[in-house]
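Visitor: I'm new to this one. Can you walk me through how some of its helices pack?
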Amino acid sequence: MLLESQIIKRASEILTIESEAIQGVQASLDQSFISVCKELFSCKGKIILLGLGKSGIIAKKIAATLSSTGAPSFFIHASEAIHGDIGMISKQDIIVAVSHSGETQEIITTLSVANTLGIVSIAMTSNSNSRLAQIATMCIHIPINREACQHNLAPTASTTAMLALGDAIALILFEMKGMTSEDFARTHPAGTLGKKLLTTVESLAHFGKDVPSVSPSVFIIDAALEMSNKRLGCTLITHNQEVEGIFTDGDLRRLIHNTTNLQTTQISNVMSKKFKSINASELASNALQIMRISKIQVLVVNSERHGIGVLSIYDIIDAGLSDE
């Protein structure tokens, strides 16, 4: 039994062993890894992750990561595979079999059948001399000196290394395919991540009659009334459908503090001629970044479809795109 004083020390030892396992895999990367990545990149079908037990759980996660990064994949449980699920695999698919020992009978049986069908297979194993390594078309060796378990039994360092290598493969394929953040968004349409990658400025901005706007000749009090009516914290100063300046509620507060006469001073004399703008087609997350860097709360929006618009930081917050 561990004493309280030993818990942190033991946790540190475990994390060190697992990090060393990843470093060991990193040091072992060679031409065979490049060949595997090129083979997976050229796959015309799906990438099938095959596993059992703890390695199966890792295989399932790798399949999920591959699918979300543009390489269609799914997981098959090795026991289910030899009882009919192997029928889900086509000749255009590639099997990636994950096994620490490389001696899991269900996986070896599945790959034996796959070989008769002409299906390419890749082994991910810590035992380069195992039956799995010998029967697979290609092999990625994952050298593991020891598990983090005190008795060197529980799959820990080995599964961590497999998981990290799976992430490396998925992200390399992502980059080889030239995928973009927009491509990534298509597989993550829900939640905050999907919103950030899919929501455009145009979908949140205000256009037409909702845009607060006054002419340069009006007085400050008139601009203040327009701001109050439209409730966006600003008004644009426009002439011939062109924006000449912007006036915000912050500007109004400063003028009141300076006792400026709101009824006799024209807005053109106090408006800000330097303002930030953004195209309607850009992502709302980009707009938020501009606002934070510039320390402003509104942007002028340029849209070919709708003309001039306004985007407020509160529009972005209400859409759930801010981390605040």
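Visitor: What is the handedness of the crossing of α3 and α7?
Guide: This is a predicted model. In it, α3 and α7 cross in a right-handed way.

Visitor: At what angle do they pack, and how far apart are the axes?
Guide: Helix α3, residues 53-68, packs against helix α7, residues 157-176, at about 15°, and the axes are 9 Å apart. Angles under 35 degrees count as roughly parallel, so α3 is roughly parallel to α7.

Visitor: Which residues make the contact?
Guide: On the α3 side, they include Ile58, Ile62 and Leu66. On the α7 side, Met162, Gly166 and Ala170 are among them. By class, the contact of α3 with α7 has 8 nonpolar, 4 polar and 3 charged residues.

Visitor: And α2, how does that pack with α7?
Guide: Helix α2 covers residues 31-41, and its axis is 10 Å from that of α7, at an angle of about 55°. The two are therefore oblique to each other. The crossing of α2 and α7 is right-handed.

Visitor: What residues meet there?
Guide: Phe33, Cys37, Lys38, Leu40 and Phe41 of α2 meet Leu165, Ile169, Ile172, Leu173 and Met176 of α7. That contact has 9 nonpolar residues, no polar ones and 1 charged.

Visitor: Change of topic. Is Asp251 buried or exposed?
Guide: Asp251 counts as buried because its relative accessibility is 12%, and the cut-off for buried is under 20%. It lies in helix α12, residues 249-257.

Visitor: What is its side chain 3.0 Å from?
Guide: A polar atom of the Asp251 side chain lies 3.0 Å from the backbone nitrogen of Thr248. Leaving aside neighbours within four places in sequence, Asp251 is in contact with Ile246 and Ser272.

Note on methods:
Residues are numbered from 1 along each chain as its sequence is written. This is a predicted model: local features need pLDDT of at least 70, side-chain atom pairs count only at pLDDT 80 or more; totals for chains, interfaces and linings use all residues. Side-chain values use heavy atoms; hydrogens and water are left out. Helices (H or I, at least four residues) and strands (E, at least two) are DSSP runs, numbered from the N terminus. Buried means under 20% relative accessible area, exposed over 50%, partly exposed in between (1.4 Å probe, protein chains only). A polar contact is a pair of N or O atoms within 3.5 Å; within protein, one must be able to donate a hydrogen and the other to accept it, and residues adjacent in sequence count only if both atoms are side-chain atoms. Contact means heavy atoms within 4.5 Å. Axes are lines fitted to C-alpha atoms, for helices over the stretch in contact, and angles run from 0 to 180 degrees between N-to-C directions. Angles under 35 degrees count as roughly parallel, over 145 as roughly antiparallel, 65 to 115 as roughly perpendicular and the rest as oblique. A crossing is left-handed if the near helix is turned anticlockwise from the far one by less than a right angle, and right-handed if clockwise. Ala, Val, Leu, Ile, Met, Phe, Trp, Tyr, Cys and Pro count as nonpolar, Asp, Glu, Lys and Arg as charged, and the others, Gly among them, as polar.
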